[in-house]
Amino acid sequence: MDRFIIDGGTPLRGDVRISGSKNAALPILIATLLTDESCVIENVPTRLRDIRLTFRVLEAIGKRVDVSGSRVVVHANKPLKTRAPYDLVKQMRASVLVAGPLLSRFGWVRVPIPGGCAIGLRPIDIHIQGFQDLGARRVLDQGDLILDSPLRPGRVRFKSPSVGATENLMMAAAALEGTTTIVNAAREPEIEDLAGFLTDMGAKVTGAGGSTIVVRGARRLKGVSHRVIPDRIETGTFMLVAAATGGRVRLLGVEPAQVHALSVKMRAAGAVVREGQGQIVVSMKGRPVPVAMATAPYPGFPTDLQAPWMAWMSLAQGRSRIKETVFENRFMHAAELGRMGARIAVSGDTGVVQGVPALSGAPIMASDLRAGAALLVAALAAHGRTSVARVYHIDRGYERVEIKLRALGARIKRVKT
Ligand code: UD1
């Protein structure tokens, strides 16, 4: 298992190019199951563990995946299977997204139910309810969910706006001839990207980015070429790293509007955030002013940036509150930050952070992907040496992170243990 050794305290300076969005690429890759024609997908963060697992899921189901740099071509190969293997689903919850396209095309699908993870129980009841609204019958067998009965277009109403459920149902609806309306849909930019992909394939998706999405599906969908949007969470993480180290970083290949909620909070805390065409420049001097923050579905402050935000607020000139409203157990990083001298008290869905003048290096451990990002922010800002264990969590979502950070002047190396 790899670890990072980080000697903190160097202000980061220079340019960094942000990769394509992991969370947009995942459903788009899976949506290729809707067609037998080839699809070309550009700007895919192909080095990420979750993206590589998605290739394996597609191959297990019957596709061929050719990768060259950040360009991926998905071809038909064998007749598609209508089940996803447990050993892959248990490694990556997003594999449940194969249910939508396969059920819609073949009228039957078997997917293992993913377990909980470090940040909460993460049930899939909203996905299942959506399929039931379109006529699916559900059966549980040996921990697997079997959905049968051909779907028919109709009206789906989510009890809360789940990102994954919205994507799953959009993909299902795309292959159903007729109109399906999804009410209380999630509004994240990744959903708009998927909507564009499905529309190019021959379905007509309107309303994505709002809370009611209308999908006019078609029985045969075609292969298309598509470029994935930039990763707004990687963008936000680099913005926070730049500020926490008191540096100046220009982020290239980004979409500033997609990190608006973060930019507003960072400016309130004293950072200079300048937005340009496809780029953002962040600079900061000294400690931040404490700013309260609550996570919320898009366009609110993303839950995936809560942990790195907390790392920055650990250095604030006073006390701030952080409320996590999306996941029930997403403060695992607080204790690790505490090992570096942060003063954080967590109670229920709220963390109270009493800023300290400096953090100090320590041996620490990533518990999940975004907790890992928080530890990077803290370690790069801290005095002294930090050793971050369980880097494989960070590798799920940040492409070549140590190489990008080193190019900005960070002293970070990966060691194999
Ligand atoms: C996606 C993102 C993840 C991000 C999250 C929220 C991907 C691959 N992952 O995850 O990085 O943190 O959106 O922005 O895109 N819920 C239920 N029942 C369900 C589904 C969800 O109760 O059937 C709950 C979840 O436990 C969670 C909340 O709804 O508390 C939001 O989950 P959801 O929007 O579905 O997140 P994901 O799609 O899993």
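This is a predicted model: local features need pLDDT of at least 70, side-chain atom pairs count only at pLDDT 80 or more; totals for chains, interfaces and linings use all residues.
## Backbone, ligand shell and cores

At 33% relative accessibility, Arg390 counts as partly exposed. Buried means under 20% relative accessible area, exposed over 50%, and partly exposed in between (1.4 Å probe, protein chains only). Residues are numbered from 1 along each chain as its sequence is written.

Arg390 is not a glycine, yet it has a positive phi of about 60 degrees. Its place is the loop between strand S22 (385-389) and helix H13 (392-395). Helices (H or I, at least four residues) and strands (E, at least two) are DSSP runs, numbered from the N terminus. Ser149 also has a positive phi, of about 75 degrees. Ser149 sits in the loop between strand S8 (144-148) and strand S9 (155-157). Most residues other than glycine have a negative phi, and most peptide bonds are trans. The bond from Tyr298 to Pro299 is cis, with omega near 10 degrees.

Now the ligand. The table lists polar contacts, pairs of N or O atoms within 3.5 Å.

| Residue | Atom facing a ligand oxygen | Distance |
|---|---|---|
| Pro123 | polar backbone atom | 3.2 Å |
| Ser162 | side-chain N or O atom | 2.6 Å |
| Val163 | polar backbone atom | 2.7 Å |

Taken alone, the ligand exposes 740 Å², and the protein buries 82% of that (Shrake-Rupley method, 1.4 Å probe).

Next, the interior. A nonpolar core is a set of buried Ala, Val, Leu, Ile, Met, Phe, Trp, Tyr and Cys residues joined through side-chain atoms within 4.5 Å. The largest has 73 residues. Phe131 is among those with the most contacts inside it. Apart from that core lies another, of 70 residues, including Leu12 and Met284.

Helix H9 (residues 260-268) has buried residues Leu262, Ser263 and Met266. Seen down the axis of H9, they fall within an arc of 100 degrees (directions from the helix axis to the C-beta atoms), so they line one face of the helix. Just after H9, Gly270 takes a positive phi of about 110 degrees.

Key: Side-chain values use heavy atoms; hydrogens and water are left out. A polar contact is a pair of N or O atoms within 3.5 Å; within protein, one must be able to donate a hydrogen and the other to accept it, and residues adjacent in sequence count only if both atoms are side-chain atoms.
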